[in-house]
Amino acid sequence: MLPAVVKLCCGISYPHLRSVAGLQRTAVAVIGQEINHLQRWGLIQHHMRAHAGLKCDEAKREDLKHPPPSKKDQLFFVQQGREAMREALSMLEDEEGWKVEVTESDGDVICSKVLPGARKVFRLEAVLEASVDELYDILFVRVEQMHQWNPSIQHIKVLKQIGSETMVTHEVSAETAGNLIGQRDFVSVRHSCKQKSGVYLGGAAIQLESFPPQTGFVRAEDGPTCIIIQPLEEDAGKSRFTWLLNMDVKGWLPRSIVNQALPRAQLDFTRHLRRRLTASATLG
C-alpha cells in the first residue's frame with residue numbers, strides 16, 4: 001500500500017482508537033460486573049421484571065414454533081450473551097496487531113488482526129447519519145426485518161426471546177451473485193447493553209438440540225462478535241459505528257478467499273444500512 005495512503009489511514013483511525021479504547025475498557029468492566037452480579041437466578045428475574053415495560057410483540061411469540069425457554073435455559077442464554085459481549089470487547093480493547101485493510105472515500109476504515117490459529121477478525125469503523133436509538137431499533141429490536149433492506153440476508157427468525165436484551169436467532173444468508181462464501185446459516189445468541197457511552201450489541205454461535213444444522217446449508221459460526229454505537233460529541237444525530245466481525249464460515253473454502261470476502265461483506269452491509277437510513281429520513 002502506498003505510504004501516503006497508510007499515513008491517511010493512520011490519521012483517521014489511530015487517534016479515534018485511543019479515545020474509543022477508554023470507553024471499551026469501561027464497557028468491559030461494567031459487563032464483567034454484571035456477569036458476576038447475575039449469577040443468581042433471583043437477580044436475573046429482577047432484571048427481567050425491571051424491563052417488563054419493553055414487552056416483545058405477543059403475536060410474534062405465539063408464532064414461534066419453539067416453546068419458551070425454561071428458567072434454567074434463560075439463565076444460560078443471558079450468561080452466554082454477556083460472556084460473548086465481554087470477550088468481543090476485550091478483543092477490541094487490545095490495540096496490538098491491528099493492520100489497515102481498506103479505507104473508503106466516505107471515511108470508513110476496516111482493520112484486521114490475526115488470532116491464534118491464523119483466523120482473522122475484522123474491525124470496521126464508520127460514522128452513520130443516525131442516532132444511537134435509531135440504530136439500536138434497526139439492528140436489534142427489529143432484527144427480523146433486516147432482510148427487507150439487506151439483500152445479503154434471506155431471513156432472520158427469533159427462536160427464543162429472553163427479556164428485552166437477549167435473544168436466540170436463526171439467520172440464513174442470501175444466495176446472491178458474487179457471494180464468494182455461498183449460503184450459510186447461523187444460530188446465535190444476541191445480547192444488548194445500553195450505557196451512557198452508547199449501545200453495545202454482542203453475540204456468538206450457540207448450539208441448540210432443537211434446531212440442528214439444516215439440509216442444504218453449511219452451519220457457520222459467529223463470534224464472539226460485537227457492534228458499538230456511540231453518539232458523536234459534536235452531533236448527537238450521528239453515531240460512530242464500530243463493528244468487530246469474527247466468523248468461522250466452515251466448509252472447505254481457502255482462507256485467502258474468506259479473508260477477501262468478509263471485509264467486503266462489512267462494506268456491503270454498511271452501504272445497505274446507509275440506504276435504509278436515507279429511506280427512513282425521506283419518509284420521515
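Which residues does Phe 186 touch, not counting residues up to four places away in sequence? They are Thr 169, His 170, Glu 171, Arg 219, Ala 220, Glu 221, Asp 222 and Met 247. Contact here means heavy atoms within 4.5 Å. Phe 186 lies in strand 6. Its relative accessibility is 6%, so Phe 186 counts as buried. Buried means under 20% relative accessible area, exposed means over 50%, and partly exposed is in between (1.4 Å probe, protein chains only). Phe 186 and Gln 214 are 28 residues apart in sequence. In space they are 9.9 Å apart, C-alpha to C-alpha.

Now for the ground rules. This is a predicted model, in which local features need pLDDT of at least 70 and side-chain atom pairs count only at pLDDT 80 or more, while totals for chains, interfaces and linings use all residues. Residues are numbered from 1 along each chain as its sequence is written, and side-chain values use heavy atoms, with hydrogens and water left out.

The predictor's confidence in each residue is the pLDDT, from 0 to 100. The chain has a mean pLDDT of 79, and 74% of its residues reach 70 or more. Over residues 1-21 the pLDDT is below 50, and this stretch has 22 contacts in the model beyond near neighbours in sequence. Residues 33-66 also stay under 50. For them the model has 44 contacts beyond four places in sequence.

Next, the overall picture. The chain has six helices and twelve strands. Helices (H or I, at least four residues) and strands (E, at least two) are DSSP runs, numbered from the N terminus. The chain has 284 residues, and 46% of them count as buried. Take the contacts between residues at least 6 apart in sequence: 63% join residues at least 24 apart.

Start with strand 2 (residues 109-114). Five of its six residues are buried, and the strand is mostly covered. Strand 1 (residues 99-103) runs antiparallel to strand 2, joined by four bridges. Two strands pair if DSSP finds at least two bridges between them. Thr 103 stands opposite Val 109 in strand 2. The hairpin of strand 1 and strand 2 has five residues between the strands, and Gly 107 takes a positive phi near 100° there. On to strand 3 (residues 120-128): six bridges join it to strand 2, again antiparallel. Lys 113 stands opposite Val 121 in strand 3. Strand 2 and strand 3 form a hairpin with five residues between them, and Gly 117 in the turn has a positive phi of about 95°.

Move to strand 7 (residues 198-205). Seven of its eight residues are buried, so strand 7 is largely enclosed by the rest of the structure. Strand 6 (residues 184-195) and strand 7 run antiparallel, with eight bridges. They form a hairpin with two residues between them. Strand 7 also pairs with strand 10 (residues 225-232), in the antiparallel sense, over five bridges. Follow Val 199: it is the bridge partner of Lys 194, and its bridge partner in strand 10 is Ile 229.

Ser 239 is found in strand 11 (residues 235-245). Ser 239 counts as buried because its relative accessibility is 0%. Its side chain reaches the backbone oxygen of Ala 130 at 2.7 Å.

Now the aromatic rings. The whole structure holds four aromatic pairs. Tyr 136 and Phe 140 form a stacked one, at 5.7 Å centre to centre and 15° between the planes. Rings of Phe, Tyr and Trp (its six-membered ring) pair if their centres lie within 6.5 Å; planes under 30 degrees apart count as stacked, over 60 as edge-to-face and the rest as tilted. Why are Tyr 136 and Phe 140 separated by about one helical turn? Because they are four residues apart in helix 5 (residues 132-141). Elsewhere, Trp 149, Trp 243 and Phe 269 form one aromatic cluster.

Two loops complete the tour. Pro 224 lies in the loop between strand 9 (221-222) and strand 10. A cis peptide bond joins Gly 223 and Pro 224, with omega about 0°. Lys 250 is in the loop between strand 12 (247-248) and helix 6 (255-283). Lys 250 has a positive phi of about 60°, although it is not a glycine. With a relative accessible area of 32%, Lys 250 is partly exposed.

Notes. Polar contact = N/O pair within 3.5 Å; in protein donor to acceptor, adjacent residues only side chain to side chain.
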